[in-house]
Amino acid sequence: MRKISVIIPCYNVASFIDRCMTSVVAQTIGMDALEIICIDDASADDTRNCLLRWEQLYPDHILLIRQEVNRRQGAARNIGLFTASSEWIAYVDADDWLEPDYLERLYKAAVQYSCDVAACSWRSDRSDSLVYFEQEPESQEQYITADTKEITKQMLMNKGLSIAAWGKLIRRDFLVDHEIYFPEGLTYEDEYWMPLLHIYAVNICFVNKPLYHYFVNNGSVLHSENMDYHMDWLTVQSMKWADYHKRGILQEFREEMEYDLLYSTVNLLGRIIYEHDRQSFSYFRLLGEFVRKCVPDYRENRYMERFSKGQCMFFHMLYSAPDRELFRYFVEKMRNSVKMAD
């Protein structure tokens with residue numbers, strides 16, 4: 001049995017996958033410790049051929065799974081998890097890459113502290129080539145036992161394990177036992193998944209060193225303009241709210257989950273208003289109805305002080321349910337304020 005299963009969802013990443021795979025097979029922990037599972041999510045470019053070449057180079061270590069229908073990253077990650085045979089899981093995005101000692105550092109910390117999750121720092125990277133961070137002074141690892149509700153609340157509010165599935169090593173049994181899976185066929189899958197990790201993880205270790213390169217890809221789905229993928233946000237949040245209610249999470253962490261929804265909402269509205277040249281009034285109304293149903297009065301949430309004055313303006317607009325004309329006026333006002341600031 002390998003020590004770590006590295007799960008890499010791949011969709012139209014022919015331009016990036018070689019860089020990612022090069023960084024994985026070069027890990028200092030050694031290939032004998034790794035099971036690399038690549039899920040080709042019905043790519044329409046040369047991704048499959050790229051992956052086949054890697055599979056031929058390392059047939060005993062790389063497993064290529066081909067999906068005939070695109071089911072998005074959440075389904076690919078779930079397939080990887082169900083296929084994995086190792087004790088530890090590492091999710092890696094195909095356009096990102098790793099520092100050479102990424103897996104070794106996380107694995108040593110995870111085993112030493114008997115962790116559910118071991119996480120590291122990360123940095124955004126716009127490089128077109130495989131480059132590594134400059135050497136930094138060694139820093140101490142931080143171990144946390146989240147064995148009380150108050151500590152868990154702090155983890156939730158501070159997003160201590162970040163906002164994405166990558167950048168961490170997770171015990172496979174922990175994910176399966178708590179049914180921490182991704183919604184399938186949808187974007188915004190991490191928004192459903194990450195709070196579950198924060199809520200259920202008890203033994204956590206942080207390696208305070210940047211070991212993961214998050215590639216800023218302006219052509220990716222979440223950086224594209226005028227796409228209807230924002231409807232997925234509503235679907236994911238609706239699924240999440242229903243599932244969290246069944247799990248008892250809403251009863252135990254009501255205000256924290258309200259804040260989580262409000263935080264996600266204000267970020268979504270910011271992207272829609274500032275990054276899109278057209279905004280859908282109908283979508284805005286649907287969004288408002290959903291948020292108001294989940295959080296009837298945002299002003300009563302004790303975490304509202306964490307939001308800026310500008311962010312609170314978003315909530316005021318959302319909760320006042322303006323007509324189309326007032327909505328357009330607000331959007332133009334917000335966009336103009338950003339232009340003036342620039």
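1. Basis. This is a predicted model, in which local features need pLDDT of at least 70, side-chain atom pairs count only at pLDDT 80 or more, and totals for chains, interfaces and linings use all residues. Residues are numbered from 1 along each chain as its sequence is written, and side-chain values use heavy atoms, with hydrogens and water left out.

2. Main core. The largest nonpolar core holds 74 residues. Such a core is a set of buried Ala, Val, Leu, Ile, Met, Phe, Trp, Tyr and Cys residues joined through side-chain atoms within 4.5 Å. Buried means under 20% relative accessible area, exposed over 50%, and partly exposed in between (1.4 Å probe, protein chains only). Tyr91, Leu175 and Trp193 have the most contacts inside this core. Helix H10 (residues 254–275) gives the most to this core, 9 residues. Helices (H or I, at least four residues) and strands (E, at least two) are DSSP runs, numbered from the N terminus.

3. Which residues does Trp193 contact, leaving aside neighbours within four places in sequence? They are Tyr91, Ala165, Ile170, Leu175, Ile180, Tyr181 and Phe182. Contact here means heavy atoms within 4.5 Å.

4. Strand S2. In S2 (residues 34–41), 8 of 8 residues are buried. In a regular strand the side chains alternate between the two faces of the sheet. Both faces of S2 are covered. Leu34, Ile36, Cys38 and Asp40 are on one side, with Glu35, Ile37, Ile39 and Asp41 on the other.

5. Neighbours of S2. S1 (residues 4–10) runs parallel to S2, joined by 7 bridges. Strands pair if DSSP finds at least two bridges between them. Pro9 stands opposite Ile39. S2 is also parallel to S3 (residues 62–67), with 6 bridges. Here Asp41 stands opposite Gln67. The chain crosses from S2 to S3 through helix H2 (residues 47–57) in a right-handed β-α-β crossover. S1, helix H1 (residues 17–25) and S2 also form a right-handed β-α-β unit. Right-handed means that, with the strands pointing away from the viewer, the path from the first strand over the helix to the second runs clockwise.

6. Salt bridges. The whole structure has 19 of them. Each is a side-chain nitrogen of Lys or Arg within 4 Å of a carboxyl oxygen of Asp or Glu. Asp232 and Arg72 form one (3.9 Å, N to O). This pair links helix H8 (residues 230–247) with helix H3 (residues 72–83), 160 residues apart. Asp232 is buried at 13%, while Arg72 is partly exposed at 30%. Separately, Arg77, Asp93, Glu189 and Asp190 are linked in a salt-bridge network.

7. Glu258 and Asn301. Arg254 and Glu258 meet in a salt bridge (3.3 Å, N to O). Both lie in helix H10, 4 residues apart, about one turn. Asn301 sits in the loop between helix H11 (281–294) and helix H12 (309–320). Is Asn301 buried or exposed? Asn301 counts as buried because its relative accessibility is 3%. The side chain of Asn301 makes a polar contact with that of Glu258 (3.2 Å). A polar contact is a pair of N or O atoms within 3.5 Å; within protein, one must be able to donate a hydrogen and the other to accept it, and residues adjacent in sequence count only if both atoms are side-chain atoms.
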